[in-house]
Amino acid sequence: MTNVDVHQHLWTPSLLAALRARREPPFLDGWTLRLRGEPPFEVPPADHDIARRAELAAADGLGRALVSLSAPIGVEWLPAAEARPLLDAYHEDAATLPEPFGAWAAACVTDVDADATAKTLDQGFAGLQLPADSLADAAGYARCAPLLDLLEERDLPLFVHPGPAGDGQAGPGWWPAMVPYVQQMHAAWFAFRAFGRPRHPRLRVCFALLAGLAPLHGERFAARGGARESADPGVFVETSSYGPTAVGAVVRALGVDSVVQGSDRPYAGPPRHPGFGLGGAAAYAFRIANPRRLLGREAGEEG
């Protein structure tokens with residue numbers, strides 16, 4: 001039985017080279033990442049050493065660790081002509097990563113090309129990651145519908161991850177992770193309920209960082225005229241950067257079957273206690289049973 005982490009990032013040599021070849025954000029100057037509207041970020045090279053990361057995954061007891069393109073960089077929002085070289089570079093290496101790694105595919109959301117994404121998925125990707133700010137309203141779901149139709153046709157899941165923080169307020173280093181990322185996930189959760197699920201009834205979807213804790217607003221949603229929150233067997237949230245307090249509250253809101261393990265490594269580590277204080281049955285659900293239902297045949301019985 002395979003322990004799965006659905007949320008990691010690993011910048012491979014081809015992606016690093018493609019980012020260094022650019023002269024406009026997003027680009028890498030050596031190991032300094034430069035994004036539009038954000039201060040420079042120094043990338044620790046060891047964080048993206050493939051052999052070292054495989055050792056960490058083994059130490060974490062993982063049989064499968066799914067990596068994805070870092071959506072906050074903003075590659076998916078670039079014009080197609082600029083996005084394509086970066087997407088191709090990411091997919092080229094991600095498709096051939098050694099065990100225990102698998103990967104989520106990525107796609108341009110300014111010029112949606114479902115045929116190109118289909119060819120990418122043919123390489124064995126676990127599903128497709130899209131930035132949360134591309135799925136925040138009805139217009140976003142209309143634009144991305146061909147990609148989501150493709151996932152339904154292939155019985156593959158969607159992973160919703162925060163997109164670029166944008167040109168918002170200047171603040172301390174933790175500001176993007178605590179404010180725009182959380183806001184994006186909150187909006188994406190309710191947008192899926194309003195626009196995504198009616199249009200895509202068979203789509204399985206996982207929201208990063210517990211969907212910005214949006215599931216905890218079920219009581220307010222009901223009080224303001226919405227239906228009471230009910231469990232959707234095709235909707236999951238992952239645990240990255242959260243601990244027992246938040247995970248326990250989300251389990252009370254959605255049930256134990258809706259939560260999967262995600263670490264966001266290298267930006268955060270896995271939990272010290274995989275069950276988040278909820279016991280061995282919860283740890284089994286988060287790490288094995290629920291990822292198997294999210295990922296379908298991709299999770300298999302590997303590892």
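**View 1. Five strands make an open, parallel sheet.** Here 5 strands pair up in parallel, in the order β7-β8-β9-β10-β11. Strands are DSSP runs of E with at least two residues, helices are runs of H or I with at least four, and both are numbered from the N terminus; two strands pair if DSSP finds at least two bridges between them. At the edges sit β7 (128–131) and β11 (259–260), each pairing on one side only. This is a predicted model, where local features need pLDDT of at least 70, side-chain atom pairs need 80 or more, and totals for chains, interfaces and linings use all residues. Residues are numbered from 1 along each chain, and side-chain values use heavy atoms, without hydrogens or water.

**View 2. Strand β8 meets strand β9.** Look for the 3 bridges between β8 (residues 158–161) and β9 (residues 205–207), which run parallel. F159 stands opposite C206 in β9.

**View 3. Helix α7 has a bend.** This helix covers residues 180–199, 20 residues in total. Find F192, where α7 bends by about 50° (the angle between axes fitted to the seven residues ending there and the seven starting there). Among the buried residues of α7 are Y181, W189 and F192; buried means under 20% relative accessible area with a 1.4 Å probe, protein chains only.

**View 4. The lining of the largest pocket.** Both α6 (175–178) and α7 supply at least two residues each to this lining. It divides into 25 nonpolar, 13 polar and 2 charged residues. Nonpolar here covers Ala, Val, Leu, Ile, Met, Phe, Trp, Tyr, Cys and Pro; charged covers Asp, Glu, Lys and Arg; the others, Gly among them, are polar. A pocket is an open set of points on a 1 Å grid over the protein atoms alone, where a 1.4 Å probe fits, with protein on both sides within 12 Å along at least five of seven lines, and lining residues have an atom within 4 Å of a point.

Note on methods:
The expected span of a helix is 1.5 Å times one less than its number of residues. Buried means under 20% relative accessible area, exposed over 50%, partly exposed in between (1.4 Å probe, protein chains only).
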